[in-house]
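Work through the exercises below with the sequence and the model open beside you. Try each task before you read its solution.

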Amino acid sequence: MGGVPATATARRARPARDPRPRGVTLGRVVASEADKLTSLRSTGWLALATVAAAAATAWGLVFARPEPGASGAPIAVAGAVLSQLGFLVLGARTGADEYRSGTARSTFAAVPRRLPVLAGQALVTAAAALVVAVTALGAAVAATAGLRAAAGLALDVTDPETARLLAGFVLHQTGVALVGLGLGALVRRPDAALVAGVLALVVLDHLLATNPGRVADTARALLPGAGARVLLDDGRLDALAAGSLGPHPGPWSGYLVLAAWAAALLAAAAYRLRRGDVT
Amino acid sequence: MIEVAALTKRYGPTTAVDGLTFTARAGAVTGFLGPNGAGKSTTMRVVVGLERPTSGTATVDGRRYADLPAPLRTVGVMLDARSVHPGRTAFRHLTALARTHGIGRARVDEVIGMTGLESVAGRRAGTFSLGMGQRLGIAAALLGDPGTLVLDEPVNGLDPDGVLWVRRLVRDLAAEGRAVLLSSHLMHELALCADRVVVIGRGRLLADAPVAELAADGSLEDAYLRLTAGAVEYQGRAVGEAGTTAVGGAR
Amino acid sequence: MTATTAASRRARPTAHRPADAGGPTLPRVVAAQWTALTSLRSSWWAAALTVVVSGVLTHLSAQASSVDPGFDPLGSLTSGVVLSQVPPLVLGVLVGTGDFSTGAFRTTYVAVPRRWPVLVAQTVATAAFALLTAVAAVAAAVLALLPSARSRDIALDLGRDGTPQTLVGMTLLLTAIALLGLAIGALVRRSVPALTAAVLLVLVLPVVLLLATDLSTDPLAPATGGVPPAVAVVNTVVAFLPSGAGALLTADVVVEGAPDLGPWGGGLVLAAWIALPLAAAALRLRTRDVV
């Protein structure tokens with residue numbers, strides 16, 4: 001019989017009180033956000049696709065590269081343009097999914113101060129992006145190892161330029177993921193965030209590059225696409241600076257532009273989160 | 001009239017509907033009862049052609065749903081109130097639906113009036129409350145003036161006024177000679193508006209009888225609970241019963 | 001209480017029925033999909049954005065080039081094409097995924113249980129809406145050239161060799177891109193994966209390939225004669241991507257190393273990119289449950 005049991009006349013003893021602190025802490029919010037990210041099968045597929053994209057692009061480029069003796073680092077990190085799409089989706093989806101699916105109602109009922117959730121999402125996204133980026137870089141290096149040796153392309157980690165490129169790859173992709181998170185949390189629609197991100201990072205940069213001019217070059221230096229400069233080897237950076245009529249930031253200045261965009265978007269998202277409604 | 005004969009629907013290893021046979025006749029309201037996960041919604045989806053049966057048949061007026069020349073004029077369907085694009089206004093949603101069958105604007109206005117949605121017809125469906133969404137779903141079902149109606153939990157989320165309105169509506173439709181198949185979990189309400197009741201559990205038929213006969217000794221609710229005792233999929237437990245653990249924070 | 005005795009059974013009011021069975025014929029389903037498409041604010045935003053982007057970019061490009069001695073305003077005609085493809089692409093994806101991502105498919109396929117008319121109707125409605133948008137966008141581009149042309153006292157001769165073809169090509173391209181979005185959306189059915197795939201295919205992949213050629217050539221090395229094999233391979237691949245094929249529609253140039261498909265070839269390639277996902281979507285509708 002599955003009916004409701006009769007109300008007990010004998011009073012049952014309440015369960016003993018749990019001694020641990022009861023409230024919401026940042027650590028718990030971070031753990032919760034990490035759980036949300038890893039509980040989706042699509043996250044795994046996305047990570048896999050991103051790693052594959054980076055490795056495949058690098059592998060394809062080794063065939064295209066004609067002259068030996070140069071550094072193999074630019075090739076290993078060349079997949080960044082393609083794989084950054086995966087990081088963008090990772091961030092945009094994390095930021096926007098709460099609102100699209102209505103999960104925001106339960107999330108912000110549990111954490112009414114709200115901002116810890118965004119902070120937790122940023123930490124978790126950055127951590128996940130770091131892991132995936134390192135894996136992608138490793139895959140790209142591994143995929144091209146044999147071919148690079150045959151073509152005579154060295155990968156010397158002690159060389160400062162190589163070190164910059166390798167570290168820059170990981171940092172750049174993580175930065176892109178955070179830009180995605182900022183966009184997703186701000187506009188709250190994953191498709192709009194994705195399109196805006198692709199436009200800002202890839203399309204606009206390419207368009208401006210092919211239509212050079214003082215205004216175009218200045219804009220290029222100030223858009224998040226400038227972050228890609230950290231992935232260019234010194235020869236290409238010099239060529240870029242020589243051909244530019246606007247400011248030509250160095251690799252790390254370019255990365256700072258990307259980081260500043262991420263910070264600004266996240267700040268805007270935080271403002272909206274704090275002041276507005278979450279439904 | 002809806003005829004379901006030896007209908008079976010499997011999703012991989014799971015059998016959602018298992019050899020179900022029943023008829024929802026014209027001129028009567030047939031209630032469709034069963035625990036959560038019993039296969040009611042699956043059966044309804046097969047009847048209206050959204051899903052194909054693994055074996056067996058489900059026909060409306062003797063034909064498969066997909067073979068009907070004018071489906072909306074034969075069967076009015078309300079499966080899920082969330083079947084509307086949230087960016088569309090109620091009026092446009094109904095108009096787009098009406099256009100598929102050449103149904104005119106007059107009829108659209110008529111069903112909006114019948115369901116009491118005049119004041120919100122121009123609002124986007126994403127802003128609707130649960131009750132308003134339900135009414136919109138019922139409006140869509142009535143659009144083609146069909147001879148058969150399939151309604152999945154139509155009174156879900158409606159206020160008492162709305163519940164009474166659906167009861168009267170459904171009885172009037174049956175009195176006009178239409179067949180109505182409606183699923184519900186509100187026993188007392190169903191006892192008031194249904195003529196026959198089909199009870200299923202775990203995809204199988206448990207009872208198919210007039211309400212009066214089932215509720216002969218005791219209420220419909222008692223009869224239902226008796227029939228479905230062994231077929232409940234998700235059984236909750238009372239607080240304090242064996243197996244319940246305390247979560248930190250009891251005061 | 002039940003009350004269905006024979007005495008109380010009323011006659012069902014006879015509703016007016018049209019001459020035919022009153023069912024979902026293809027013209028009716030097209031009308032319904034048109035209503036559905038135009039009832040969404042996002043459709044109108046996409047159309048407006050297309051026109052605005054086309055006009056603004058063309059104007060800026062023409063203004064920037066107007067100081068050159070050999071200025072030809074019509075040379076800037078296609079400068080807005082790449083970016084103005086984005087709103088139609090997104091529009092197409094949204095139409096293709098809209099039914100499934102919102103649950104409205106339950107209403108749609110219950111009204112039209114044979115299913116295929118819905119996909120056909122979506123294609124027709126999207127094509128019509130995109131065509132109207134494209135015409136407006138191309139007109140905006142032409143109008144945007146006027147200020148810079150007038151500043152240099154150059155008359156715009158639209159009948160000149162190549163220009164009518166470019167105008168038609170731009171219109172077709174914008175329409176086709178919307179249909180490509182529809183095809184991908186109808187196949188994938190979920191908006192984020194569909195949008196990612198569409199954006200990847202149309203926007204990102206060409207840039208990646210171009211950067212690849214850039215990487216494979218040392219920028220500081222002296223220019224050699226002929227086309228490096230790497231560049232030829234990449235240009236061939238790009239010619240068979242929607243963006244490259246589409247570019248062939250608008251300009252009659254031969255890209256070095258790529259096969260000379262010409263505008264008709266480019267159009268065929270683009271049509272194939274649309275037709276294949278659409279066919280796969282139709283097959284999926286036919287053989288699987290609609291859930």
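**Exercise 1: One residue in chain A**

A:Ala139 has its place in helix α6 (residues 115-151) of chain A, where helices (H or I, at least four residues) and strands (E, at least two) are DSSP runs numbered from the N terminus. The model is predicted, so local features need pLDDT of at least 70 and side-chain atom pairs count only at pLDDT 80 or more, while totals for chains, interfaces and linings use all residues. Residues are numbered from 1 along each chain as its sequence is written, and chains are lettered from A and ligands numbered from 1 in the order in which they are written.

Task: decide whether A:Ala139 counts as buried or exposed, and find which residues A:Ala139 touches, not counting residues up to four places away in sequence.

Solution. Begin with the rule: a residue is buried if 20 or more other C-beta atoms lie within 10 Å of its own, exposed if 12 or fewer, and partly exposed in between, with the C-beta atoms placed from the backbone. A:Ala139 has 22 C-beta neighbours inside 10 Å, and therefore counts as buried. Next come the contacts, for which two residues must have their C-beta atoms, placed from the backbone, within 7 Å. Leaving out residues up to four places away in sequence, A:Ala139 touches A:Val51, A:Ala54 and A:Ala55.

**Exercise 2: Chain A and its helix α4**

Task: state how many helices and strands chain A has, and then check whether the span of helix α4 (residues 80-101) of chain A agrees or disagrees with its 22 residues.

Solution. The secondary structure of chain A amounts to 11 helices and zero strands. Of its 279 residues, 44% count as buried, and among contacts between residues at least 6 apart in sequence, 83% join residues at least 24 apart. For the span, the expected value is 1.5 Å times one less than the number of residues. For the 22 residues of α4(A) this should come to 32 Å, and the end C-alpha atoms are 30 Å apart, which agrees. Now look along the helix, where a kink of about 35° is centred on A:Gly95; the bend at a residue is the angle between axes fitted to the seven residues ending there and the seven starting there. Because 18 of its 22 residues are buried, α4(A) is largely enclosed by the rest of the structure. The residue that follows α4(A) is A:Gly102, with a positive phi near 85°.

**Exercise 3: Where chain B meets chain C**

Task: find which element gives the most to the side of chain B that touches chain C, and list what covers the buried residues of α3(B).

Solution. The contact takes 43 residues from chain B and 39 residues from chain C. On the side of chain B, the elements that give two or more residues are α2 (71-74), α3 (90-100) and α6 (160-175). Of these, α3(B) gives the most, with six residues. After α3(B) comes B:Gly102, whose phi is positive, near 70°.

**Exercise 4: A buried strand**

Task: say which residues lie on each side of strand β7 (residues 179-183) of chain B, and with which strands β7(B) pairs in the parallel sense.

Solution. In a regular strand the side chains alternate between the two faces of the sheet. Accordingly, look at both faces of β7(B): B:Ala179, B:Leu181 and B:Ser183 are on one side, B:Val180 and B:Leu182 are on the other, and all are buried. Since five of the five residues are buried, β7(B) is largely enclosed by the rest of the structure. For the pairing, two strands pair if DSSP finds at least two bridges between them. Strand β3 (residues 29-33) of chain B pairs with β7(B) in the parallel sense over four bridges, and B:Gly31 stands opposite B:Leu182. Strand β6 (residues 148-152) of chain B is joined to β7(B) by five bridges, again running parallel, and here B:Val150 stands opposite B:Leu181.
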